[in-house]
Amino acid sequence: MEDSFVYEAKGPTLIIHLPKEFDHHNCRNLRYETDLLMAENYVSRIIFDFTRTRFMDSSGIGVLLNRYKQMKAGHTSFYGACPQVMRVLKVAGILGLMHQYESKEEAIYSKEV
């Protein structure tokens with residue numbers, strides 16, 4: 001579980017629990033798996049869970065940006081980012097694109113999209 005993605009559906013919301021390292025080694029799997037999930041289900045919102053993630057590289061940023069564009073801007077958000085990951089998200093400009101929440105519950109039940 002430490003190095004794999006876990007997917008959770010809450011109605012039209014897809015929660016992606018990211019692994020400890022979100023890098024070029026596992027981004028291809030995330031792209032493939034989320035493409036399948038989105039093709040088979042009505043997904044109108046994606047929430048990224050960074051609670052386990054301690055490292056992210058440019059491949060991870062690319063996946064976040066791709067899913068942001070695919071969800072029609074504003075329907076992607078995240079929670080649980082540690083300070084190291086927050087620095088990467090800030091430098092990459094993700095903080096200006098995706099809403100950050102303090103918890104899973106807040107992310108799921110927020111009316112803000």
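The dialogue below goes from the whole protein to single residues.

Modeller: Let us begin with the basis of the values. This is a predicted model, in which local features need pLDDT of at least 70 and side-chain atom pairs count only at pLDDT 80 or more, while totals for chains, interfaces and linings use all residues. Residues are numbered from 1 along each chain as its sequence is written, and side-chain values use heavy atoms, with hydrogens and water left out.

Biologist: How many helices and strands does the protein have?

Modeller: Helices (H or I, at least four residues) and strands (E, at least two) are DSSP runs, numbered from the N terminus. In this case there are four helices and seven strands. Their order along the sequence is β-β-β-α-β-β-α-β-α-β-α.

Biologist: What does the radius of gyration say about the protein?

Modeller: The radius is taken over C-alpha atoms, and the globule rule is 2.2 Å times the number of residues to the power 0.38. For 113 residues, a compact globule would have a radius near 13 Å, and the protein agrees because its own value is 13 Å. Its C-alpha atoms fill a box of roughly 30 × 25 × 25 Å along the principal axes.

Biologist: What share of the residues counts as buried?

Modeller: Buried means under 20% relative accessible area, exposed over 50%, and partly exposed in between (1.4 Å probe, protein chains only). Here 43% of the 113 residues count as buried.

Biologist: Let us turn to a strand. Which residues is L14 in contact with?

Modeller: L14 is found in strand β2, which covers residues 13-17. Apart from neighbours within four places in sequence, L14 is in contact with Y7, E8, T34, L37, V43, R45, I46 and I47. L14 is buried, because its relative accessible area is 4%.

Biologist: In a helix, is A107 buried or exposed?

Modeller: A107 is found in helix α4, residues 104-109. It has 0% relative accessibility and therefore counts as buried. Not counting residues up to four places away in sequence, A107 touches R45, I47, Y79 and Y101. A107 and I47 are 60 residues apart along the chain, with 7.2 Å between their C-alpha atoms.

Biologist: Where is T53 found, and what does its side chain reach?

Modeller: T53 is in the loop between β4 (45-49) and β5 (55-56). A polar contact is a pair of N or O atoms within 3.5 Å; within protein, one must be able to donate a hydrogen and the other to accept it, and residues adjacent in sequence count only if both atoms are side-chain atoms. In this case the side chain of T53 reaches the backbone oxygen of P19 at 2.8 Å. With a relative accessible area of 0%, T53 is buried. Beyond residues up to four places away in sequence, T53 touches L18, P19, K20, F22, C82 and V85.

Biologist: Why does R54 count as partly exposed?

Modeller: R54 counts as partly exposed because its relative accessibility is 40%. R54 is placed in the loop between β4 and β5. A polar atom of its side chain lies 3.3 Å from the backbone oxygen of T51. R54 also touches K20, C82, Q84 and V85, with residues up to four places away in sequence not counted.

Biologist: Finally, how is A81 placed?

Modeller: A81 is in the loop between β6 (76-79) and α3 (83-92). At 19% relative accessibility, A81 counts as buried. Leaving aside neighbours within four places in sequence, A81 is in contact with F50, M86 and L89. A81 and T53 are 28 residues apart in sequence, and their C-alpha atoms are 7.2 Å apart in space.

Technical notes:
Contact means heavy atoms within 4.5 Å.
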